[in-house]
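Subject: A structure to look at

Hello,

I am passing a structure on to you, and I hope you enjoy looking through it. Please open it first, and then read my notes alongside.

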Amino acid sequence: MRSFNILDLFALLTALQWTVALVILALAFGTPLALGLALLRTGKTTVLRILSSSFIQIIQGIPLLGLLMFFYFGIPVFLGYDIPAMVAVGVAYAIYTAAFLGDIWRGGIQAIKHAQWEAAACLGINKWHQFRYVIAPQAFRIALPATVGFLVQLVKNTSLASIVGFVELARAGQIVSAGTFQPLLVYSIVAVIYFAVCFPLTTWSRKLEVQYNGAR
């Protein structure tokens, strides 16, 4: 048994980099899919609306831990070879992000009055430009507070990646705790690090909600 030291703290901070990297990876691949889902759900094609809505409801109805277990342990059974933890975790979090952000952004788009579409159409521009220059900026302002709020949830949920051996902040805390036999101290430090990351985002989300009047 050894005492907690500066090297252990450095190990926790290093693992935080992987937590941030996982969040960035989830947003990088999940955001385009989320936008596509939001557009499909607000489109005029009934079949695509039903398919996109069903996908979102299925993913939201499955615990994130279940998604992680499926992509890390289940997919290799079908493919016949192991998948690196980074790939499995990245795919699971990207799909998870897409389902929730897609629903948030769908709400932002639907909050825009149809008269805005009609006004944009009077300018003689096509549907894509109507969305890009008229609808999207307004929908973005409405959905931004909820988007930042989801980001806080995503940061905290990265701790579940430790179940498949991915060494992020929570998993690093387990390793350090096992080596020092000081779980109270180690997990208190881990909690403080999570708080230091999430609290500014939560505060920003509340300020955005007031600024953009998103609560009304």
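Let me begin at one glycine: Gly-165 counts as partly exposed, because its relative accessibility is 43%, which falls between the 20% limit for buried and the 50% limit for exposed. You will find Gly-165 in the loop that joins α6 and α7. Although Gly-165 and Val-89 are 76 residues apart along the chain, their C-alpha atoms are separated by 10.0 Å. Please keep in mind throughout that this is a predicted model.

Ser-162 sits between α6, which spans 127-157, and α7, which spans 169-180. Is Ser-162 buried or exposed? Ser-162 is buried, because its relative accessible area is 15% and the limit for buried is under 20%. If you set aside the neighbours within four places in sequence, the contacts of Ser-162 are Glu-168, Arg-171 and Gln-174.

Now for the overall picture. How many helices and strands does the chain have? The chain has eight helices and zero strands, so that reading from the N terminus gives α-α-α-α-α-α-α-α. Along the principal axes, the C-alpha atoms occupy a box of roughly 75 × 45 × 25 Å. Of the 216 residues in the chain, 38% are buried. Among contacts with a separation of 6 or more, 75% are between residues 24 or more positions apart.

Helix α1 covers residues 6-41, and its axis lies 8 Å from that of α7, with an angle of about 160 degrees between them. The two helices are therefore roughly antiparallel, because the angle is over 145 degrees. The crossing of α1 and α7 is right-handed. On the α1 side the contact is made by Asp-8, Ala-11, Leu-12, Ala-15, Leu-16 and Thr-19, and on the α7 side by Leu-169, Ala-172, Gly-173, Val-176 and Thr-180. Sorted by class, this contact of α1 with α7 has seven nonpolar, three polar and one charged residues.

The other topic is α2 with α4. Helix α2 takes in residues 46-61 and helix α4 residues 85-110; their axes come within 9 Å and cross at roughly 120 degrees. How does α2 lie relative to α4? Helix α2 is oblique to α4, and their crossing is left-handed. From α2, the residues in the contact are Phe-55, Ile-56, Ile-59 and Gln-60, while α4 brings Ile-95, Tyr-96, Ala-99, Phe-100, Gly-102 and Asp-103. By class, the residues of this contact of α2 with α4 are seven nonpolar, two polar and one charged.

Back in α7, there is another serine to see. Ser-177 lies within helix α7. Ser-177 counts as buried because its relative accessibility is 9%, and buried means under 20%. Leaving out the neighbours within four places in sequence, Ser-177 touches Gln-182, Pro-183, Val-186 and Tyr-187.

Phe-181 has a positive phi of about 55 degrees, although Phe-181 is not a glycine. Phe-181 is exposed, because its relative accessible area is 58% and exposed means over 50%.

Finally, here is what the record says. The unreviewed UniProt entry carries the annotation "domain: ABC transmembrane type-1" over residues 12-205. In the model, that span is 84% helix and 0% strand, and its end C-alpha atoms lie 27 Å apart. The unreviewed entry also annotates "transmembrane region" at residues 20-40, 61-79, 85-105 and 184-204. I looked at a couple of these stretches. Residues 61-79 are 89% helix and 0% strand, with the end C-alpha atoms 25 Å apart. Residues 85-105 are 100% helix and 0% strand, and there the end C-alpha atoms are 29 Å apart.

Happy exploring, and do write back with any questions.

Best wishes

Terms used:
Residues are numbered from 1 along each chain as its sequence is written. This is a predicted model: local features need pLDDT of at least 70, side-chain atom pairs count only at pLDDT 80 or more; totals for chains, interfaces and linings use all residues. Side-chain values use heavy atoms; hydrogens and water are left out. Helices (H or I, at least four residues) and strands (E, at least two) are DSSP runs, numbered from the N terminus. Buried means under 20% relative accessible area, exposed over 50%, partly exposed in between (1.4 Å probe, protein chains only). Contact means heavy atoms within 4.5 Å. Axes are lines fitted to C-alpha atoms, for helices over the stretch in contact, and angles run from 0 to 180 degrees between N-to-C directions. Angles under 35 degrees count as roughly parallel, over 145 as roughly antiparallel, 65 to 115 as roughly perpendicular and the rest as oblique. A crossing is left-handed if the near helix is turned anticlockwise from the far one by less than a right angle, and right-handed if clockwise. Ala, Val, Leu, Ile, Met, Phe, Trp, Tyr, Cys and Pro count as nonpolar, Asp, Glu, Lys and Arg as charged, and the others, Gly among them, as polar. UniProt positions are given in the numbering used here, feature names are shortened, and annotations may be inferred rather than shown by experiment.
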